[in-house]
Structure formats: structure tokens, C-alpha cells
Amino acid sequence: MASSTSTKEIDRELPPLLRVYKDGTVERFLGSSYVPPSPQDPDTGVSSKDIVISENPLISARLYLPKLENHHQKLPILVYFHGGAFCLESAFSFLHQRYLNIIASQAKVLVASIEYRLAPEHPLPAAYEDGWYALNWISSNKSEPWLMNHGDFNRFYIGGDTSGANIAHYALLRVDQLPNQVKISGAVLAFPLFWSSKPILNEPVEGHEESSAMQVWKFVYPDAPGGIDNPLINPLAPGAASLKELGCPKILIFVAGKDELRDRGIWYCDAVKKSGWNGDVELIEVEGEEHCFQIYHPQTHNSNNMISRIASFLV
């Protein structure tokens, strides 16, 4: 018997990630299944729960609280934006639940993983708007028990992987607008998704127009002013905010040797250093690894080293 999708007319697609049909439905081919929060993860002892940040648009988050030494213990806060090319994955997915349980446990941090709207149902800049709204909400929150009782707002970090790292970067350019004079203590940018119309460093010239990053951007933000040189995807584009304005004292960047985005992370790090920004930026390259390896395979030697380095940064 043919599947219901086999008879529907295709409107557009982004192989191998997803397909949009003319009736408006979206079929995603990649991404892990949703899992519920856990009162206590059996492997790490981390507790998790879901909270609603906004009803319209719907923005939510999954909070992670590691085992406490006492009921009054205060922990660093990490606001985390998941990856997935702006169109896949979720704060509620199995992969990110497993990964952030490990981060919360090893780093002893309270994590707020943001569930933002995805393209193509909600084209960009919706994800940026949701991420910024969520960051403001957490910064000014006076009622969420875990944040109020155990969150140390003097140790307030943001971060993410791939497209989530991109969202975190642009939040850093606006932190002077956060309520309650909250300061960002640092940012973890893992395999950040940046691109431009011209190849840089060791990126091949041939095939640049067909690169996966280029195709993703056209799909998730088809009306982007400036196209692939919009400042949201090209932080060095004409008219982009100066990297000198990044609003935190330290940034930790990860790149992977076999990742198409490797050179972009290096390029971004070099640009931050040259910008006149008054902070410390560190780049760590993990040779021989693929994009977001630590999420797919968190128990390997390289993943353990990466997670340990993140833990030592979130102090």
C-alpha cells in the first residue's frame, strides 16, 4: 500500500533534510524523536522539566537541574540554542536531551534549552526573534522556581551548536538591551553556521554555490535581504554589526576537522580577534571528527574531552 505522502504533490524540498508539499505539510527525514523530560535521569541524576515562555508565538524551554549538594546551592546558568539548520531538531529531542543531561551533570550548570520556531513553517527571522525573547524572559524571570532558587545570574552563559551557535552569536550583539542589567559571562559556539557568497580560507571555489550551507540559507530564509550575505549568516557582510560589540568577556569556539563549516569557525575567530573586541576568544579544533559529533556520539574520547572543556569554561 502506498504511503499517503507518495501521492501528494511536492512544492519544494531541501535534500536530504525535508520536503514541503503543496498542501502545506512538511515531511522531515532527519532528526531524533521527541522524548519527555525526566524527574531524574538514570545515567546522570539530572532532573528536567518543560516550561512555557510565550503562548503566542509558542516558545518554550526544557530546563535541566543537576544533583544539588544542598537545597540552597546556586549554579551557573546556560541558555542553549539547539542546532539543526534552523529547520530540524528540538529542545525536546532525544539527542539534545541526552547531550544536555551530560553537560548539566559534568559542568554543574542549570541549562535552559530553548524550543524556538522552525522553518519552513516559520521562516527566518522567527528563530532569532524567539531566541531573543526567551533570553530576555529568562534574564528577567522572577517566578520559575529552579531559576530563582538555583540560578546564579552573575554566572550567566549562552551557547549552541551550528545554527544555534549562530543564534547565540547574534544575541551577543544585543546584550546591552537585556533587563535587570544581566551580563553574559561567556559564550560557547560549537561548529557555528556562517557563510557568504565568496569562499574563504581553504574552502573550494568550485561548488560553492551548491554548498549545503548555501542551500539551507536559501530555504530557511528565502526573502533574506542580501541573500547569503545577509549579516545574520555573514557576520562580516557590509552593514553587519561590528564584532567589537560582542557582549561578553570570553568566547569558546569549536570546529571539527571533517566539517564543511570548519573554515568558517576559524574565519570568525580570526575576525573577532582583529575587531578590537576586548575579550578572550579560544578556538579548539577537533581533528578527524564530523559536524556535531559530540551530540551524536557523546561517549567517545573526543566527545568526553570536548564536554570537559565546556565544563571548565562554564564556571
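Is E282 buried, partly exposed or exposed by its relative accessibility? E282 counts as partly exposed, at 34% relative accessibility, where buried means under 20% relative accessible area, exposed over 50% and partly exposed in between, with a 1.4 Å probe and protein chains only. The model is a predicted one, in which local features need pLDDT of at least 70 and side-chain atom pairs count only at pLDDT 80 or more, while totals for chains, interfaces and linings use all residues. Residues are numbered from 1 along each chain as its sequence is written, and side-chain values use heavy atoms, with hydrogens and water left out.

**Salt bridges**

The count comes to 14 salt bridges, a salt bridge being a side-chain nitrogen of Lys or Arg within 4 Å of a carboxyl oxygen of Asp or Glu. Three of them are set out here.

| Salt bridge | N to O distance |
|---|---|
| E144 and K49 | 2.6 Å |
| R62 and D50 | 2.6 Å |
| R309 and E282 | 2.6 Å |

E144 and K49 meet in a salt bridge. E144 lies in the loop between α2 and α3 (145-150) and K49 in strand β4, so the pair ties together parts that are 95 residues apart in sequence; helices (H or I, at least four residues) and strands (E, at least two) are DSSP runs, numbered from the N terminus. E144 is buried at 6% relative accessibility, whereas K49 is partly exposed at 24%.

R62 and D50 form a salt bridge, and this pair links strand β5 (residues 59-65), which holds R62, with strand β4, which holds D50, across 12 residues. R62 is buried with a relative accessible area of 1%, while D50 is partly exposed with 35%.

In the salt bridge of R309 and E282, R309 belongs to helix α8 (residues 301-313) and E282 to strand β11 (residues 280-286), so parts 27 residues apart in sequence are tied together. R309 is partly exposed, with a relative accessible area of 23%. Salt bridges that share partners also join R117, E129 and D130 into one network.

D41 sits in the loop between β3 (26-28) and β4 (47-54). D41 is buried yet has no salt bridge, and R98, the nearest side chain of opposite charge, is 9.5 Å away. N234, in the loop between α5 and β10 (250-256), is buried with a relative accessible area of 6%. Leaving aside residues up to four places away in sequence, N234 touches Y170, W195, S196, I228, D229, A240 and W267, contact meaning heavy atoms within 4.5 Å.

**Pockets and cavity**

On a 1 Å grid over the protein atoms alone, a cavity is a set of points where a 1.4 Å probe fits but cannot get out, and a pocket is an open set with protein on both sides within 12 Å along at least five of seven lines; lining residues have an atom within 4 Å of a point. The largest pocket holds about 620 Å³ of space. Of its 27 lining residues, L17, G84, A85, H291 and Y296 are the closest to its centre, and α5 gives the largest share of the lining, four residues.

The second largest pocket has a volume of about 200 Å³, and its lining includes E129, Y170 and W132. Here α2 gives the largest share, five residues.

Methods: Grid points are joined across faces, edges and corners, and a volume is the space filled by probe spheres set on the points. Lys and Arg count as positive and Asp and Glu as negative; His and the chain ends are not counted.
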